[in-house]
Amino acid sequence: MKAGLTSILLLQHLGRAAAFTARAIPRPPSFAQRITTPSSPSSSSSYSSHSLAMSSSPFDETRGGTHSIADQVARFAKAKADGNVRYLDIDSVYDGGDLSGKRVLVTGGNRGLGLAIVRELVAIGATAVVVCRSSSTELERLVGKWNVYSGVDVVDDDAVREVARRIKGDGGALDVVINNAGYFYGPQELVKDDTLNFEEQLKQINICALGPLRMNNALINSKALADGAKLVVITSQAGSVEWRSTQNKDTGGDYGHHMSRAACNMAAALLAQEVKGMGYSVLLLHPGFNKTEMTKKYEHIWEIEGAVDPKIGAKRVLYEVIKNGMDETGKFINCEDGLQIPW
Ligand SMILES: NC(=O)c1ccc[n+]([C@@H]2O[C@H](COP(=O)([O-])OP(=O)(O)OC[C@H]3O[C@@H](n4cnc5c(N)ncnc54)[C@H](OP(=O)(O)O)[C@@H]3O)[C@@H](O)[C@H]2O)c1
């Protein structure tokens with residue numbers, strides 16, 4: 001995006017966010033909409049028409065307060081207006097003590113949000129077991145060389161089955177599995193520009209949807225889990241079909257990204273039903289907007305959309321991991337506010 005246009009859009013965003021109140025809602029475009037159409041001026045009015053539609057119908061997006069708000073700018077602005085400390089200051093509610101002494105596997109724990117989760121696990125006295133493609137001296141010093149299983153691509157059936165067998169052989173008994181490895185293709189995909197990349201769509205589906213299913217399947221069948229283990233899938237709000245009409249209103253876009261997370265959610269919802277009888281719960285967590293390499297291209301909207309340092313994102317994720325269990329199995333939860341995201 002050109003710098004001048006970026007500034008104009010940022011000013012539009014800031015003006016609207018400042019004007020936000022809980023009832024009069026001049027809602028600007030959401031994170032997902034902004035990232036899918038960073039230069040589309042028409043998108044800035046999209047939420048207003050949604051609001052008009054809402055005023056003529058009894059539809060309550062929050063389902064009486066149980067569900068998060070689709071529009072990310074409005075969601076963040078409302079958290080500020082409400083003084084929502086759960087949202088704005090995770091340290092005020094988070095205590096990782098419940099995970100102390102637990103064995104927690106993290107895929108993609110070598111960088112980004114995954115590495116921040118691993119650092120936090122070590123800080124609270126958990127054993128972090130990292131499954132990744134490439135390790136580092138820093139990571140091995142942090143968790144112990146024997147706890148890093150590198151060279152594992154989550155799209156490789158054999159490698160995933162083999163690492164699960166090795167983990168079982170090395171003690172298994174995983175209390176929590178955090179399927180964090182993920183991938184978001186860089187360029188925009190639009191039909192009207194003829195920019196769909198089907199190969200990249202399949203790659204995202206393979207990594208983000210089949211990847212967690214492959215890993216969970218291998219760990220269950222290798223008996224590498226402790227009784228009552230929690231299988232966590234780091235998914236994304238991008239997988240919500242309902243939220244596309246707000247976050248991608250009039251634009252569509254990023255087909256592979258959104259399809260991969262919708263498929264990811266379906267797999268996790270099915271797995272939750274299949275394994276609850278085995279005593280395992282499955283949690284689908286949107287980790288919030290984190291300042292990582294994945295979102296670096298959206299740096300210009302980090303502040304207005306409430307993006308956080310991954311250290312904070314890690315605590316938000318672990319807070320939800322601790323809080324939720326079998327009663328919430330199969331639920332799709334936003335780690336920013338602890339509320340559900342609609343399918
Ligand atoms: N950041 C956000 O705001 C945000 C929002 C919603 C959801 N998420 C999700 O949160 C997770 C972490 O995101 P992030 O922001 O930390 O992303 P990131 O900085 O791009 O890191 C991605 C991680 O996934 C690993 N990975 C990618 N493809 C893999 C594969 N085929 N096999 C094994 N590992 C693979 C990467 O390993 P390499 O180092 O080997 O590439 C890296 O460790 C992802 O699932 C992402 O979709 C993030």
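In this predicted model, the ligand is surrounded by 26 residues, and the closest of them are Asn110, Arg111, Asn180, Arg261 and Thr292. Sorted by type, the shell around the ligand holds twelve polar residues, nine nonpolar ones and five charged ones. As for where the ligand sits, the space it takes up is the largest pocket.

Three of these side chains can be looked at one by one. Asn110 has a side-chain N or O atom 2.7 Å from an oxygen atom of the ligand. For Arg111, an N or O atom of the side chain is likewise 2.7 Å from a ligand oxygen. On its own, the ligand has 890 Å² of accessible area, and the protein covers 94% of that.

How far can the picture be trusted? The protein has an average pLDDT of 86, with 83% of the residues scoring at least 70. Residues 1-55 are another story: pLDDT stays under 50 there, although the model gives this stretch 104 contacts beyond four places in sequence.

How values were computed:
Residues numbered from 1 in each chain as written. Predicted model: local features only at pLDDT ≥ 70, side-chain atom pairs only at ≥ 80, totals over all residues. Heavy atoms only, no water. Near = heavy atom within 4 Å. Polar contact = N/O pair within 3.5 Å; in protein donor to acceptor, adjacent residues only side chain to side chain. Areas by Shrake-Rupley, 256 points an atom, 1.4 Å probe, with all protein chains shown as cover. 1 Å grid on protein atoms, 1.4 Å probe; cavity = no way out; pocket = protein on both sides within 12 Å on 5 of 7 lines; lining within 4 Å. Sits in = over half its atoms within 2 Å of the grid points. Nonpolar A, V, L, I, M, F, W, Y, C, P; charged D, E, K, R; others polar. pLDDT = per-residue confidence, 0-100. Contact = heavy atoms within 4.5 Å.
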